[in-house]
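Dear colleague,

I am passing on the structure we spoke about, and below it I have set down what was found. Please read the notes with the model open beside you.

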Amino acid sequence: MTAACKICGGSTRVTHVGTVLGRHEATYLMCTDCAFWFVDEPHWLDEAYSEAVAAIDTGVVQRNLHLYPVLASVLARMFGSTGVYVDYGGGYGLLVRMLRDVGLNAYWQDAYCQNLFARGFEWDRGRQDAATAVTAVEVMEHVTDPLAFVDTCLRETGADSFILTQHLHDLRADPSWWYLAPEAGQHISFYAPRTMHRLAERLGMTYHAADTLHLLTKRDFRRGTFARTVRLHRYIHPWLRRRLQSHVVPDHQLLVRRACCAG
Ligand SMILES: [Zn+2]
C-alpha cells in the first residue's frame, strides 16, 4: 500500500520510479483525490542541498528581477504599503532587499541558506509586529509536508495570507516534465489546481491563482482581484517607486547605528 496524501489524507498511486541525483531511486506518488504529486520518502535531501548542487541554479537573478515588481505590486496594493512581509526560504535575500528598496517592510526567514543581501532584516517575532503576509518563492516544491509548512509559517508570523510561486502540473504525470528536476534532487512536491484548492480548504483559507503566482488567504478578496493586480503590475510598480519612501538610506543608517552600538 502506498503512503497517504499529506494534504487531504486520500489514497495514492505510483506514477513512476525515477532516478534522482543520478543514483537514488525515487518513487513518485499522486493522490487519487487532490492530485498532490510527491516523492515518497526522499532520503537524499542532505546531499541535494550541498553547495555544489545549489551552484547549478543559474536562474536566481532572472527570477528575482521578474518577480519583484509583481510581488511588490500585489503586497502594496492588496495588503497595504505599511504591512509587514516575511519571505520564507529567503535564500540570499535578494528579493527582500529589492522589496525594501522600493519601500516595503520586508524581512526574511531561512534556516538553510546564508543571507547575503538583507542581513540585519531577518524575521524576529520578538522584535517585529505580526506579519501581514508571507511570501514563499520557489519553496513549496521543496517541502515534504506542505500543509504543516504553511500552517507553521502562518503561526510563526501571525500572517493571514500566503503568497507562493509554483508551476502547477497538468495531471498527466509525465515523468519527463522539466519541473521534476531529478538531476538536483530538491523538487519533491508538485501541485495541481485542485491540490491548491484542497490545501487552502484544509487551512481555512481561500485560493486565488494568477499564472505561476498563487495566493492562499483568510481575507475576503473578490474573485479576480489577485490576477488583475498581477496583470497591472506594469503600472502599479512605477507608481509605487514614485510614491513610497525607499528603505535604502534608512536601512543603512540603522545598520550603522547597530554596528556602532555592538562595537
Ligand atoms: Zn490528496
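Helix H5 is followed by glycine 158, whose phi is positive, near 80°; helices here are DSSP runs of H or I with at least four residues, strands are runs of E with at least two, and both are numbered from the N terminus. This is a predicted model, in which local features need pLDDT of at least 70 and side-chain atom pairs count only at pLDDT 80 or more, while totals for chains, interfaces and linings use all residues. Residues are numbered from 1 along each chain as its sequence is written, and side-chain values use heavy atoms, with hydrogens and water left out.

H5 itself covers residues 146-157, and its buried residues are Pro146, Leu147, Phe149, Val150, Cys153, Leu154 and Thr157, where buried means under 20% relative accessible area, exposed over 50% and partly exposed in between (1.4 Å probe, protein chains only). These residues pack against several elements, including strand S4 (84-88), strand S7 (161-165) and helix H6 (193-202), with contact meaning heavy atoms within 4.5 Å.

Positive phi values also occur in residues other than glycine. Leucine 21, in the loop between strand S1 (12-20) and strand S2 (24-31), has phi near 55°, and leucine 21 is buried at a relative accessible area of 16%. Alanine 35, in the loop between S2 and strand S3 (37-39), has phi near 70° and is likewise buried, at 2% relative accessibility.

Definitions and conventions. Expected span 1.5 Å × (residues − 1).
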